[in-house]
Amino acid sequence: QLSLFRFTVKRPFSTSHSSVDSKEIKKFQLLAHKWWDEEGEYAALHSMNDIRVPFIRDTLLSMSSNYHLGNPLSGIKILDVGCGGGLLSEPLGRLGASVTGIDPVEDNIRTADQHKSFDPVLAKRIQYKCSSLEEIVEESMETFDVIVASEVVEHVADLETFIKCCSQVLKPEGSLFITTINKTQLSYVLGIVVAEKIMGIVPEGTHEWEKFVPPEELERLLESNGFAVKTMSGMLYNPLSGSWSWMESTGLNYAVHAVKAGAWAQSHATDTPPETDIQQHSATAGTA
Amino acid sequence: SSAAMAALRGRALLAPLGARLRAGPRAPLRSAASAPPLYDVVVSGGGMVGSAMAAVLGHDIHFHDKKIALLEAGPRKEYDHMPDSYSNRVSSISPGSATLLSSCGAWDHVCSLRLKPFRRMQVWDACSEAMIVFEKDDLDDMGYIVENDVIMSALTKQLDAVADRVEVFYRSKAVGYTWPLPSHSCDTSPWVQVELADGRRLQTKLLIGADGHNSMVRKEADIKNIEHQYDQSAVVATLHLSEATDNNVAWQRFLPTGPIALLPLSDTASSLVWSTSHEHASELVSMDEESFVDSINSAFWSNTNHSDFIDTAGAMFRSAISLLKPSGTAVRQLPPSVAEVDPESRAMFPLGMGHATEYVQHRVALIGDAAHRVHPLAGQGVNLGFGDVACLAHHLSAAAFNGSDLGSLKHLLKFETERQRHNVSLIAATDMLKRLYSTTLAPLVLLRTWGLQATNALPPVKVSI
């Protein structure tokens, strides 16, 4: 309730479209203390680490030439948007990255801070902040090497704003990792009916099918906001074994790796034949 | 107070969660300034298996920046060269175990100190002519007889090599453990607390119990242990042979009182492991050296336990096999005869079997004799332990590379499943063999005679052993 109050106070002062949905905040607040029970409500998110951490790690390793023994992500600054209780921030921190985790639900940040406080290595490498993405844009322009938005975009109010903000805080050629849920009949049946109502894999009411994001839509939004989509892969949860695996089809859950255009490419983003030069020039003025 | 509230909430959580939790004192929160040092892994027990665990993790690339501690109650053991006489505690090291020791650089030290490879193993019955011979087709070494002190010295050297990651606490006995709640509440430490005899305290994300068959880690973790004391003790000694020989065969004969084994140490020396009744073992250890040597030779050579019936039945079975499978009966070699025993080398220790019902709990794993204890007749004891080390190290390495919490049950359970699957059948088979060979009753002798002969004739069964 406290965080809702803070949110409403801030609202008149924000100059940009907000991507935070107040209904969503309420939902997660109720479960704030359940994050770290590996067999509790968030069990599926815990086991998702088994595929999303290697995905992030291996993609970043393949793009860099330095390798620090024992700390493969050493020197990399990562922003974990919608970090919740820190389930993904902690493994990334253990692998050597400097992680900033943000989440609009204050109880989540409190839980995350408490959990990392017992491990001096993590306490130093991870910083948590109760904030929406827009709120940190001004002070974090082109600050991060990597943004991770895992199981987040299906909860935001305005996806395009969200992606624009990601672009602003990401360094040129920085990486954006997204995992989310497709909007299909299958995802309605399995993702909502079975997962929430029947099997209780996900707490009921967590997801709204209307807000699920089809990969084509996500790709379109990314590409039109200065990102190049490098990888897109489907993910599958096996409720019997409690484990995730990769699959061809993006019909249910899927993961995306996109790279922000480099500094050179950005300023020449709309290199076009001379006749249309003037119109293009004025059109891009607002977005450069 | 909030600490009491947290504790109450914690106990309420305990009820529905079941078998993997345990009761016991909880660690209170300490301020960061006074908190005991935090390690990623603490190995309790610096014997061959515990030291190997610490050394292998210390040499693992994904543990490069991690902190490991090894707790050993005894003093440091290191030799630049071995004394002339052999130690009476030796182990049969399988090629798999040699590979593990090689992976952390210890095998080179073993080879430069001393060891004896053997090519062949002959196992036979005292009550019949039945015999089984194990031999690798490609004339490779089947295994190695190595003194335990040699292995310890090699591991100590390799622990020194990674001293920046592995801290070894010699003459340090753990006297108490305090366990965390699995999904911890705010006010209690999530780590395992270890208290040493001198009052020092450590914290760790994962505690590995390698503290032997009377494991304190296992007992404090309330893990049930299925155990059985055999009515047998093992007598060990270092023997000198009557004449120098190639000595690359390991011999084991099943007497009604228990198996007697001769393990090669050099061309002129062998190690004795004789499992027999407690009374007979005491007699053997206290009798004069000449009588002792006579007993050994008689145990290997005499045929007093044969009965005509069994001999005939056995011979018939052997002819039947040779009709079906001409190469299925092997040439019987004669074991060497013993001339002398090293004075002061005779010792005895009681035998038993044990198996922990669980190998892991939240932030705890058991390896080696702490998890399982077998009869020496199969020569597998330390090899099972090294197998545990290889498996657990593999899973911990992957977990570290995934940024996982090292004490998480998720990967610990994978280790438990893999090793229990492997160990249980071997321990059960060893126990069954021990019982089968402890009798002179004709039907059982016939059964094992034919069984041994059949096993000898069937390559696939022999290979899997």
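Two residues are taken to be in contact when heavy atoms lie within 4.5 Å. By this criterion, among contacts in chain A between residues at least 6 apart in sequence, 70% join residues at least 24 apart. The model is predicted, so that local features require pLDDT of at least 70 and side-chain atom pairs pLDDT 80 or more, whereas totals for chains, interfaces and linings use all residues. Residues are numbered from 1 along each chain as its sequence is written, chains are lettered from A in the order in which they are written, and side-chain values use heavy atoms, without hydrogens and water.

Chain A contains 12 helices and eight strands, taken as DSSP runs (helices H or I, at least four residues; strands E, at least two). Of its 288 residues, 51% are buried, that is, under 20% relative accessible area with a 1.4 Å probe, protein chains only.

At the interface, 24 residues of chain A are in contact with 22 residues of chain B. The buried area is about 1900 Å², 53% of it from carbon and sulfur atoms; this is the accessible area (1.4 Å probe) that the two parts lose on being put together, summed over both. On the chain B side, B:Phe401, B:Asn402 and B:Lys410 lose the most area to chain A, together accounting for 27% of what that side buries.

Two salt bridges are counted between the chains (a side-chain nitrogen of Lys or Arg within 4 Å of a carboxyl oxygen of Asp or Glu). A:Asp119 forms a salt bridge with B:Lys205, with the closest N and O atoms 3.0 Å apart.

Technical notes:
Buried means under 20% relative accessible area, exposed over 50%, partly exposed in between (1.4 Å probe, protein chains only).
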